[in-house]
Amino acid sequence: MDNNINSSNSNPLDSNITGNTIEIGKRSFQRRGRTYVMGILNVTPDSFSDGGKWNDRDRALWHVEEMQKEGADIVDVGGESTRPGYTLISDQEEIKRVVPIIEAIKTRFDIPVSLDTYKSSVAEAGIAAGADMINDIWGLKYDGRMAEVIAGSGLPCCLMHNRKEAVYGDFLQDVAADLAETLHLAELSGIEENRIILDPGVGFGKTYEHNLEILGALEKLRVFGYPVLLGCSRKSVIGLTLDLPADERLEGTLATTVVGVMKGCSFVRVHDVKENVRAVRMTEAVLYGG
């Protein structure tokens, strides 16, 4: 597959991927022409913007119910904070945090559940608990077994761009090359192409300027032919631009959501579901005539 991210001739319709939808849980999601909202559920004590708010089972379930009512299409459960300077926790601790929540959500609600983890043992436990998708912030490059686990499960996955250090030559071309490596790992392990979503990794392995550049070039990720997930909610790129703390970054988040819709992203991952759902719907009405 041509991975020249600067190519002006790239078109997602040229991809070899078959089908117009991606199946997550019991739902079918369109690959293009529609943007879906993924609600964030952090069951951690130290997440950068909402640490400790939802790491109790009852409060977590209340929040899932709230997000579903507000229009969330999918819920992303995370048991380890990945904010800058985060503390690495054991696989056992992460499993202890996420498995009961996933089981409870699947029992109580009819909404697809994504598990945000880069560890294969946590992914296995989450899949056994009923997770419908794996969201790997290291794009299969942290844990050598992750690709095998995802392939064996047959579940869809979101594979994010990430680097240990924000050192690049040609930034956009290097991002494209990194994502091509991730997709090669997926292919070698047998992950089906029509089950892959890509994430440009805003806020991960990038400087402030890199984050703005990738946001301005989101449409170029279509060269790969996969649905794109955008995760900017309350992140530092917004805080630095507007000089605001994490709990005052809603308007900035909404701006990135609108940009994501206009540039063809299939999913936006957000904390504030109601407001982002409204922003998505209004932008789609303008783009597609209601």
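In this predicted model, His271 is placed in the loop that runs between strand E10 (267-270) and helix H9 (273-288). The relative accessibility of His271 is 9%, and the residue therefore counts as buried, the cut-off being under 20%. The side chain of His271 is joined to that of Ser233 by a polar contact of 2.6 Å.

Arg234 is found in another loop, between strand E9 (229-230) and helix H7 (236-242). Arg234 is not a glycine, yet its phi is positive, near 60°. With a relative accessibility of 14%, Arg234 counts as buried.

A positive phi is also seen at Leu140, where the angle is about 75° although the residue is not a glycine. Leu140 belongs to the loop between strand E6 (133-136) and helix H4 (146-153). Its relative accessibility is 5%, so Leu140 counts as buried.

The packing of two helices was also examined. Helix H2 (residues 91-108) packs with helix H3 (residues 120-129) at an angle of about 20°, and their axes are 9 Å apart. Because angles under 35 degrees count as roughly parallel, H2 and H3 are roughly parallel to each other. Their crossing is right-handed. On the H2 side, the contact is made by Asp91, Glu94, Ile95, Val98, Val99, Ile102, Glu103 and Lys106, which meet Ser121, Val122, Ala125, Gly126 and Ala129 of H3. Sorted by class, this contact of H2 with H3 holds seven nonpolar, two polar and four charged residues.

How values were computed: Residues are numbered from 1 along each chain as its sequence is written. This is a predicted model: local features need pLDDT of at least 70, side-chain atom pairs count only at pLDDT 80 or more; totals for chains, interfaces and linings use all residues. Side-chain values use heavy atoms; hydrogens and water are left out. Axes are lines fitted to C-alpha atoms, for helices over the stretch in contact, and angles run from 0 to 180 degrees between N-to-C directions. Helices (H or I, at least four residues) and strands (E, at least two) are DSSP runs, numbered from the N terminus. Angles under 35 degrees count as roughly parallel, over 145 as roughly antiparallel, 65 to 115 as roughly perpendicular and the rest as oblique. A crossing is left-handed if the near helix is turned anticlockwise from the far one by less than a right angle, and right-handed if clockwise. Contact means heavy atoms within 4.5 Å. Ala, Val, Leu, Ile, Met, Phe, Trp, Tyr, Cys and Pro count as nonpolar, Asp, Glu, Lys and Arg as charged, and the others, Gly among them, as polar. Buried means under 20% relative accessible area, exposed over 50%, partly exposed in between (1.4 Å probe, protein chains only). A polar contact is a pair of N or O atoms within 3.5 Å; within protein, one must be able to donate a hydrogen and the other to accept it, and residues adjacent in sequence count only if both atoms are side-chain atoms.
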